[in-house]
Amino acid sequence: MNITTIVHIIGFALIIIGFWGMLTQKNMIKIILGLAIVETGVQLVMVSFGFIEGRTAPILDSAVELSKVSSLIVDPVPQALVLTAIVIGVAVNALMLTFVIRLYQQKRSLSINDYKELKW
Amino acid sequence: MIKRIFSAILLLGFVFVFFIIVNNIEEATALKGVGKEYAERSGNQELGAQNIVTAIIVTYRGLDTLGEVAVLFIAATGIAVLLRRKKKKIDPGKKKRESSEILLTGSTLLAPMIIIFGIYIFLNGHLTPGGGFQGGAVIASAIMLLFLADTSYKINHNVFGWLESLSGFAYVLIGILGLVMIGADNFLDNRILSLGTFGSILSAGAIPVIYTLIGLKVGTELASILDNMKGDLE
């Protein structure tokens, strides 16, 4: 078992833990934390897809010879993608927590069972 | 009970799918496609940036980053609208104890250093791991420290609002400068400024400028989000 597989397993395990939290918890803050854990797992899996054994980070310092860059570094594209995903994740989580704050101000309850308006 | 069973079935389905994925992943052994293209172009010092991830985010995929900043801005605006200040103050409940002298002095001593560290991170975004988003988050964490240490601490909304608007405006302006100075398909090109010596702090053309603007914008935006969420506990 090499490093990429271990990271994949950790990432997928985080995704499953997060989904378990979203499906079973009643507290809305815990549901949002579940989604945040799913995001972390997805980011971990995504960034590990760019990993290549025995290569260095995509930064062209003295460790990387400029003439053969593409055979010395790991894939920079997943890393750039994950950076975007993290920032968007923060924005989405903040917005969701804001909705929770507003709902709490209205009904003084954090339990999802007290909000039946959208239930069919 | 029936809900728990359905959840368990769903999660087992996920486990099954992920098991197949992990078993069938082909390990990458070489760069291909866009990754290889970006690596080779950076090797030829096309943009003068040492950090290839920064080169991708700020220049090669600059339009995506502009969209990302826009998403963050819209989220911050939405939060401000939802948590608009009302005349009625929130009930604080039991009277809180004042922060101690040590906590106040320590946090006001630490906060400027954290902000300087954030500035260091976004100024070195083209040389080392880091950049505007990370630096902005570090700056916002300094503001968060002040909020936590001193419940009556208030930020100056005028300064933060203007800083955020001006940095966003300047970011788009630099993008348009690329169109004007270089060519019709060079929106957000960093070569509007001289590329400088490869690996020095004043290199990579407009990348440090753009990352400074992004850092200021993200920092002030996240600080305003924190301020809105904190509410007025008087």
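This is a predicted model: local features need pLDDT of at least 70, side-chain atom pairs count only at pLDDT 80 or more; totals for chains, interfaces and linings use all residues.
Leaving aside its neighbours within four places in sequence, which residues is A:Glu39 in contact with? The residues in question are A:Gly89 and A:Asn93.

**Confidence in chain A**
- The mean pLDDT of chain A is 87, and 100% of its residues score at least 70.
- Within chain A, helix H2 (residues 28–49) has the highest confidence, at a mean of 92.
- Helix H3 (residues 76–107) of chain A has the lowest, at a mean of 89.

**The setting of A:Glu39**
- A:Glu39 is part of helix H2 of chain A.
- Although A:Glu39 is buried, it has no salt bridge.
- The nearest side chain of opposite charge belongs to A:Lys30, and it is 19 Å away.

**The interface of chain B and chain A**
- Chain B contributes 50 residues to the contact, and chain A contributes 45 residues.
- About 4000 Å² is buried between the two chains, with 76% of it on carbon and sulfur atoms.
- On the side of chain B that touches chain A, at least two residues each come from helices H1 (2–24), H2 (33–43), H3 (52–60), H4 (62–82), H6 (132–149) and H8 (207–230) of chain B.
- H1(B) supplies the largest share of that side, with 10 residues.

Notes. Residues are numbered from 1 along each chain as its sequence is written. Chains are lettered from A and ligands numbered from 1 in the order in which they are written. Side-chain values use heavy atoms; hydrogens and water are left out. pLDDT is the predictor's confidence in each residue, from 0 to 100. Helices (H or I, at least four residues) and strands (E, at least two) are DSSP runs, numbered from the N terminus. Buried means under 20% relative accessible area, exposed over 50%, partly exposed in between (1.4 Å probe, protein chains only). Lys and Arg count as positive and Asp and Glu as negative; His and the chain ends are not counted. A salt bridge is a side-chain nitrogen of Lys or Arg within 4 Å of a carboxyl oxygen of Asp or Glu. Contact means heavy atoms within 4.5 Å. Buried area is the accessible area (1.4 Å probe) that two parts lose on being put together, summed over both.
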